[in-house]
Amino acid sequence: MLLSLYRIIKFSFQDIARNVWLSLATITILLLALFSINTLLTVRMISDSATTAVKEKIDISLYLKSETPEADILALKDRISGMERVREVVYVSKQSALESFREKYKNNQAVLSALKELGRNPLSPSLTIIPASFEESALLINELRVLDSPIIESRDFTDNTSILGKIGAITKRINEAGLFMISIFILTSLLVVYNAIRVAIYTHRQEIEIMRLVGASNFFIYMPYVFSAFIYSLLSVLIIIALFYPFLTLLQPYLEVFFTGYNVNIVSYFLSNFWAIFGLQFLAILAINILASLAAVRKYARV
């Protein structure tokens with residue numbers, strides 16, 4: 001058994017060495033397919049993070065009359081907090097609003113000077129309402145529109161649905177384009193592996209004929225090419241891992257700038273899901289290679 005295994009592995013490596021350029025072409029095609037898959041996965045993760053970031057920013061503001069007693073504001077806050085579709089209500093006092101305003105425009109001396117000349121706090125207290133879920137935010141807005149309270153001065157129902165719709169549309173187009181590219185690469189991979197095995201069989205046609213004459217089993221004839229498919233798959237996955245992580249490391253600083261204040265770490269995502277991502281990719285590529293190898297052997301070796 002060990003001798004047969006040794007011969008199968010030796011025959012496989014001899015085949016790879018004799019057709020080195022064809023082997024390199026096969027691995028290159030597999031690498032392109034894997035790179036497309038991982039790029040699509042990266043884009044999907046980034047778009048999901050962007051969607052989550054927008055959803056977390058969704059809030060509804062009620063601006064209250066400037067001289068409203070704090071007791072009345074807290075009573076309205078408790079009333080709104082009791083609504084089913086409300087996750088949290090944050091009370092922003094006049095002083096807190098002023099401090100936030102100064103922090104926001106700390107580098108704009110014209111605005112700060114105008115505020116100083118005004119000589120008073122022009123901002124109103126407000127209640128910031130965070131929906132329990134994005135899907136129910138529209139229903140919550142309808143409830144707040146009809147909320148009757150004499151201390152409400154104005155209502156800000158900024159709608160982020162259009163932003164999420166745009167992100168969703170972009171993600172959908174990217175996914176469709178990515179799936180199209182992946183399909184092309186998978187089909188190309190099948191054809192390349194198929195032709196690589198066909199050339200290998202032609203190279204070893206006399207050896208295969210001799211093996212048949214001496215009574216070699218179909219398993220022994222098949223296995224060197226199946227093992228070659230395993231080598232192609234393993235090498236392509238290892239190379240894509242070595243290439244893709246530096247790419248993610250270069251991409252990460254730009255994501256941190258874009259998603260300031262959010263924990264979006266694409267490198268950590270790939271590391272934490274390493275076996276799920278690359279393990280499944282290895283199994284998928286291996287299945288494609290074995291399928292192409294068996295088809296070529298069956299047709300051209302006539303075993």
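How many of the residues of strand 3 are buried? In this predicted model, six of its six residues are buried, which leaves strand 3 mostly covered.

Strand 3 pairs with strand 1 in the antiparallel sense, over four bridges. Strand 2 also runs antiparallel to strand 3, and six bridges join the two. Thr128 of strand 3 takes part on both sides: Ser61 has Thr128 as its bridge partner, and Val90 stands opposite Thr128.

## Helix 6

Helix 6 covers residues 137-145, and its buried residues are Ser137, Leu140, Ile141 and Leu144. Seen down the helix axis, these buried residues fall within an arc of 105°, so they line one face of helix 6. An α-helix has 3.6 residues a turn, so residues three or four places apart point the same way.

What do the buried residues of helix 6 pack against? They pack against strand 1 (60-64), helix 3 (70-81), strand 2 (86-92), strand 3 (126-131) and strand 4 (152-156).

## Two domains

The chain is divided into domain 1, made of 2-55 + 167-300, and domain 2, made of 66-150. The C-alpha centres of domain 1 and domain 2 lie 54 Å apart.

## Nonpolar cores

The largest nonpolar core has 28 residues, and those with the most contacts inside it are Leu248, Phe259, Ile266, Phe270 and Phe278. At least two residues of this core come from each of helix 2 (20-57), helix 9 (218-258), helix 10 (266-272) and helix 11 (274-300). Helix 9 gives the largest share, nine residues. Phe259, leaving aside its neighbours within four places in sequence, is in contact with Ile46, Ser49, Ala50, Ala53 and Val264.

A second, separate core has 17 residues, including Ile60, Ile80, Val89 and Ile129. In soluble globular proteins, nonpolar side chains tend to be buried together.

## Aromatic rings

The count of aromatic pairs comes to 14. One of them is the pair of Phe270 and Phe278, which is tilted, with 6.4 Å centre to centre and 45° between the planes. Phe270 counts as buried because its relative accessibility is 0%, below the 20% cut-off. Phe278 is buried too, with a relative accessible area of 3%.

Phe270 and Phe278 also belong to one aromatic cluster, together with Phe35, Phe244, Tyr245, Phe247, Tyr269, Phe274 and Trp275.

Terms used. Residues numbered from 1 in each chain as written. Predicted model: local features only at pLDDT ≥ 70, side-chain atom pairs only at ≥ 80, totals over all residues. Heavy atoms only, no water. Core = buried A, V, L, I, M, F, W, Y, C linked by side-chain atoms within 4.5 Å. Buried < 20%, exposed > 50% of the residue type's maximum accessible area, 1.4 Å probe, protein only. Contact = heavy atoms within 4.5 Å. Phe/Tyr/Trp six-rings, centres within 6.5 Å; stacked < 30°, edge-to-face > 60°. Arc of directions from axis to C-beta. Domains from an automatic or database assignment. Pairing = 2+ DSSP bridges.
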